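Hi there,

Here is the structure I promised to pass on to you. Have a look at it first, and then read on for my notes.

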Amino acid sequence: MSLNATPRGERTHIAVFGRTNAGKSSVVNALTGQETAVVSPVRGTTTDPVYKAMELLPLGPVVLIDTAGLDDEGTLGELRKQKTRELIHRADLALLVIDASAGADDFNRELLGELRQRNIPVVGVLNKVDTLLEADTEAALDEVKAQLGLPECVAFSALDSRGVPELKRAIVAAFPHEEERFRLVGDLVAPGDFVVLVVPIDKAAPKGRLILPQQQTIRDLLESDATAVVTKEHELRATLERLGTKPRLVITDSQVFLKVAADTPKDVPLTSFSILFARHKGDLNELVRGARAIDRLKDGDRVLIAEACTHHQQSDDIGTVKIPRWLRQATGKQLQIEHVSGYSYPPDLARYTLIVHCGACMLNRRAMLHRLGEARAAGVPIVNYGVLIAYLHGVFPRAIELFPSAVIAWEEAEREPR
């Protein structure tokens, strides 16, 4: 992946919801100016969600997600609806598409209520206004707004691209543009600072490129006018000696935390890519508190290891091999360890004693916060890879000292009874 390409997990997710055949796919095609989604008068044409990345200025990189109708029918229809409902947890903004020839109804009201309950901004799209007389369009728009209590609804015709500029403006206005949305490390450095990144190159490393957290950290440092020095773990000591100046920070891959901590002077702050992502994508304080549960694990406890992406597993895979081994070695317990990957997340989390999540570089922030909320609702502690590895390898206090609120969260967790 190019350093200039924004990964899906960093894009604003705009999900398009509505009844079957309301014209959701046509809206996506009109917005993107491409035949991205298949359009057909046949009900249920859209099955799996369709993703289309685009730039929407001044908002920036977004991904439009076309979905199956939530009123789909039959056995396959239920599966399609399930896939669509999963997207609600990842949507930063929703487009509610309403067929102008049918108008608003209880289905639209219920769907709008569910989106609002999850604090998702909603823009209404009154589609197929080409089926109305021009004089009736404004009245139909006002009626839909009043029936649904929608402050923003755009008259739209995918047939002749009417309303495309207005809908783009409404999307941008629905939530403020956040200049800091991509910051991973920029608030920890100043212009001119040196930051050393420790990047192992082993058989698990992707051929010809760096993994997303490493790429994004480098880009953020460059955006912050800092200097990124990249080295491998075995060259770290020599790199620090040759620099001639003390780095502001050392950031390491969590898997080599122990060696990097040993080779980094004690007065140089140290953390990991995964811990930076814990703060960027979720709630570092909650993940830090979750580490307290590691010492409470007992024989027979279930531990869920969740990864947001699917990848070819090596013989020393971090999620399926290394973390289970380190957990068993550190606790001395016979643990039942289960794994999930991709967008699937078990609905019955209460049966687990601990959840260990990856860095979530492939998820957007809303999706990761939803997963944290699901764990919280089930009463299950959750940590991510970086937090867990730092704790198991004895470098935990040093790895979080850059983040005062996380330090406080840990001190509070330590005071809780076992």
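This is a predicted model: local features need pLDDT of at least 70, side-chain atom pairs count only at pLDDT 80 or more; totals for chains, interfaces and linings use all residues.

Let me start with strand β11, which covers residues 302-307. Five of its six residues are buried, so β11 is largely enclosed by the rest of the structure. On the pairing side, β11 runs parallel to strand β12 (residues 336-341), with six bridges between the two. Within that pair, isoleucine 305 stands opposite histidine 339 of β12. Strand β13 (residues 354-357) is also parallel to β11, and four bridges join them.

Next, a residue from strand β1, which spans residues 12-18: phenylalanine 17. Its relative accessibility is 0%, so phenylalanine 17 counts as buried, the cut-off being under 20%. Isoleucine 65 is 48 residues away from phenylalanine 17 in sequence, while their C-alpha atoms are 8.9 Å apart in space.

Finally, the surface. Glu411, Glu412, Glu414 and Glu416 form a negative patch there. One of them, glutamate 414, belongs to helix α15 (residues 404-415). Glutamate 414 has a relative accessibility of 46% and therefore counts as partly exposed, a class that lies between the buried limit of 20% and the exposed limit of 50%.

Happy to hear your thoughts whenever you get to it.

Best wishes

Note on methods: Residues are numbered from 1 along each chain as its sequence is written. Side-chain values use heavy atoms; hydrogens and water are left out. Buried means under 20% relative accessible area, exposed over 50%, partly exposed in between (1.4 Å probe, protein chains only). Two strands pair if DSSP finds at least two bridges between them. Patches are made of residues with over 30% relative accessible area and no salt bridge: like charges are joined within 9 Å, nonpolar side chains (Val, Leu, Ile, Met, Phe, Trp, Tyr) within 5 Å. Accessible areas come from the Shrake-Rupley method with a 1.4 Å probe; for residues, only the protein chains shown count as cover. A salt bridge is a side-chain nitrogen of Lys or Arg within 4 Å of a carboxyl oxygen of Asp or Glu. Lys and Arg count as positive and Asp and Glu as negative; His and the chain ends are not counted. The place of a charge is taken as NZ of Lys, CZ of Arg, CG of Asp or CD of Glu.
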